[in-house]
Amino acid sequence: MSRVVKNARLTAGDVELTVDPVNGCRISSLRIGGTELLRQGERYGCFPMVPWCGRTENGLFRNGGELHQMPLNSPPHAIHGTGRDTIWKPARQGEAEAAFFYDLADPWPYEGRVTQSFELTEESLTLSLGIETYGDSFPAQAGWHPWFLRNLGAQDVRIAFDAAWQEERGDNHLPTGRRIDPSPSSQLLSSEGDPVPGTWDDCFGMPEGVDVRLTWPEQLELTVKSRDEWVVIYDEQAEAVCVEPQSGPPNGLNTAPRLVTPIEPLEITTTWSWVRL
């Protein structure tokens, strides 16, 4: 039987990554040259979104003729999956790489396994998620929800990307199904120079793959990439910004279902690479 590991620490040069398998297998810390990049706290860091991403409308989704109800943990919707609330078990760990897994269970109605792996170098971090079924096929999603600190001690971060479209957000915070031109965030500075939250809590489409650059001027430039085309950008909090690569849009269990089958698991990978300025 696999033992439970409280924290797993990976290192590559002066880069340190800490993973907390007990708290949803989230990255609790990423330090580059002693500088922390992620917002601290048990709800933050960077957590996996699995087996769905973002909000699922009213917590309901269908698999063929079967209707399933997920807990409404963000009423009236179910949000971000169940993996972040689960204890994961170690599959392997080395100095700069590790992998963890958990078996799907209630309230998720299908049997299967989720695996997350981490590969660290001095210039990058590669994260992978895989979902496989033990029996019936089912729709699923996977992705990550990192909370990057808005400020690392100097100037606020700047976010740059080139999206083909933006999913129009309805009053219920779900995509309406209409694609619109990407809109800029209205992030400004207060008269005292303090950061003011922006207006993005939106999903963007990048058919050539996710490619988002975060720049902390004169400190660090970090690029988030993924072969999948979906990313959610969230900047409505003063403390942090989120760049969330994922395998489908919010409410995708209903609008863009991607089946996990006995012969075809769902797999997604993202790489964060950085340059010190």
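A pocket is an open set of points on a 1 Å grid over the protein atoms alone, with protein on both sides within 12 Å along at least five of seven lines; its lining residues have an atom within 4 Å of a point. This structure is a predicted model, in which local features need pLDDT of at least 70 and side-chain atom pairs count only at pLDDT 80 or more, while totals for chains, interfaces and linings use all residues. Residues are numbered from 1 along each chain as its sequence is written, and side-chain values use heavy atoms, with hydrogens and water left out.

- Thirteen is the size of the lining: 13 residues, of which Thr-115, Ser-128, Leu-129, Gly-130 and Glu-267 lie nearest the centre.
- Two or more lining residues come from each of β12 (112-120), β13 (124-133) and β26 (266-276). Strands here are DSSP runs (E, at least two residues) and helices are runs of H or I (at least four residues), numbered from the N terminus.
- β13 gives the most, with five residues.
- The lining has four nonpolar, six polar and three charged residues. Nonpolar covers Ala, Val, Leu, Ile, Met, Phe, Trp, Tyr, Cys and Pro; charged covers Asp, Glu, Lys and Arg; the others, Gly among them, are polar.
- The space in this pocket is about 150 Å³. A volume is the space filled by probe spheres set on the grid points, which are joined across faces, edges and corners.

**The largest pocket**

- The volume of the largest pocket is about 500 Å³.
- Its lining has 28 residues, and Arg-55, Ile-79, His-80, His-145 and Trp-147 lie nearest the centre.
- At least two lining residues come from each of β18 (165-169), β20 (201-205), β23 (230-234) and β24 (240-246).
- By class, the lining holds nine nonpolar, seven polar and twelve charged residues.

**An eight-stranded sheet**

- Strands of a sheet pair through backbone hydrogen bonds, either parallel or antiparallel.
- Here, eight strands form an open sheet in the order β10-β11-β12-β13-β26-β22-β21-β17, with antiparallel pairing. Two strands pair if DSSP finds at least two bridges between them.
- β10 (89-93) and β17 (158-161) are the edge strands, and each pairs on one side only.
- From one strand to the next, the twist averages 15°. Angles run from 0 to 180 degrees between N-to-C directions, with axes fitted to C-alpha atoms.
- β10 and β11 (residues 97-103) run antiparallel and are joined by four bridges. Arg-92 has Ala-99 in β11 as its bridge partner.

**Salt bridges**

- Side chains of opposite charge can pair when their charged atoms come close.
- The structure holds 14 salt bridges. Each is a side-chain nitrogen of Lys or Arg within 4 Å of a carboxyl oxygen of Asp or Glu.
- Asp-202 and Arg-169 form one, with the closest N and O atoms 3.0 Å apart. Asp-202 lies in β20 and Arg-169 in β18, so the pair ties together parts that are 33 residues apart in sequence.
- Asp-202 is buried at 6% relative accessibility, and Arg-169 is partly exposed at 29%. Buried means under 20% relative accessible area, exposed over 50%, and partly exposed in between (1.4 Å probe, protein chains only).
- A network of salt bridges links Arg-169, Asp-202 and Glu-236.
- Arg-258 and Asp-228 meet in a salt bridge of 3.1 Å, N to O. Arg-258 is in the loop between α1 (252-255) and β25 (259-260), and Asp-228 is in the loop between β22 (220-226) and β23, 30 residues apart.
- Arg-31 and Glu-36 also pair, with the closest N and O atoms 3.9 Å apart.

How values were computed: 1 Å grid on protein atoms, 1.4 Å probe; cavity = no way out; pocket = protein on both sides within 12 Å on 5 of 7 lines; lining within 4 Å.
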